[in-house]
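Please walk me through this structure. Start with individual residues, then move to a helix.

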Amino acid sequence: MEFTKIVKENRDAFQPLLFGAELSDYAFALGAVEEDEAAGVVLFNYLDDALMLDYIYVSDKFRRRGIGTALVEEFLRLARYTSATALHVNYPEMSEELHGFVQSLGFRIFRDGKAYRVPAGAFLNSDSFNKLVQGTRKSRIVSVAGLKKHEVELLMDEIDKQEMDPKIAADMALADELSFISWDDTNDRPASCILCEHNQDQITVLYLANFTRDPNRLVDVLRAMKDAVIRQKLEDNELLFVTMTDDMRKVAEKLVSTVDGLKPECNVVSGILMLDGR
């Protein structure tokens, strides 16, 4: 088996395996050649200081030969020469074959649940959302991007208690201007958080958690996120809730399901593989 970077000169050979995927949409494309034929292809993109495995396909003729695994392992070897700290993957829950493949590579599955997509403006201006966030703020709000080192550590500890890998939050959303913490000044600890990622025309709510029994703490961070979206004029973006925990799923279902313009999303599985133990 040989590996090759897919470029303009050899693109035609791998075209049957791409099924309409445009190479220009990806940062890196790697192909596998077996018996002088294009056998498999993987496509990757950058995700802040991480990488995203966006597409993988192995020709029917060459399946069950370990080509998919070999392709990812070769890419991981090349990734060591980059500054990437992690490799992410998303795929439909219904793909049992891909699920087993991802786990065999050592990915940690951190989300296995529903995703809800809705226009941001429709959600933030809906009766259900505005009824929830009306009232007086109950706690001090801190932008996640402005947290001090010891505050980040406290946040990571709280996320870890939720049986979430704290590295996931650190890699994905700690610098996003739509991510906020409700801070409990009395006990000097985070009370709730919303971690978002904004790419192009989509706002993704990656993590929403209340670390206390006071529901107002969660309301405060939702209100802060709404204010930031309006301030940055992002109401025309799409908003995607990805439900990482049961509590988050309940909140998303209660809020999003009543909003006009909701688009159905299949259940999505997400995984992360830390590179070189970082």
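Predicted model: local features only at pLDDT ≥ 70, side-chain atom pairs only at ≥ 80, totals over all residues.

Begin with Asp 220 and its surroundings. Leaving aside residues up to four places away in sequence, Asp 220 touches Thr 136, Arg 137, Lys 138, Ser 139, Ile 141 and Ser 182. Asp 220 itself sits in helix H8, which spans residues 215-231. Its side chain also makes a polar contact of 3.0 Å with the side chain of Arg 223. Asp 220 has a relative accessible area of 1%. Buried means under 20%, so Asp 220 counts as buried.

Now take another aspartate. Asp 36 belongs to the loop between strand S2 (28-34) and strand S3 (37-47). Its relative accessibility is 78%. The cut-off for exposed is over 50%, so Asp 36 counts as exposed. Look also at Met 1. Met 1 and Asp 36 are 35 residues apart along the chain, and their C-alpha atoms are separated by 9.0 Å.

Turn next to helix H6, residues 149-161. H6 has 13 residues. From first C-alpha to last, H6 reaches 19 Å, close to the 18 Å expected at 1.5 Å a residue. Which residues of H6 are buried? They are Glu 151, Leu 155, Met 156, Glu 158 and Ile 159. Viewed down the axis of H6, these buried residues fall within an arc of 160 degrees, so they line one face of the helix. The general geometry is simple. An α-helix has 3.6 residues a turn, so residues three or four places apart point the same way. What does the face of H6 turned away from the buried side carry? That face holds the exposed residues Lys 149 and Lys 161.

Conventions:
Residues numbered from 1 in each chain as written. Heavy atoms only, no water. Helix = DSSP H or I, 4+ residues; strand = E, 2+ residues; numbered from the N terminus. Buried < 20%, exposed > 50% of the residue type's maximum accessible area, 1.4 Å probe, protein only. Polar contact = N/O pair within 3.5 Å; in protein donor to acceptor, adjacent residues only side chain to side chain. Contact = heavy atoms within 4.5 Å. Expected span 1.5 Å × (residues − 1). Arc of directions from axis to C-beta.
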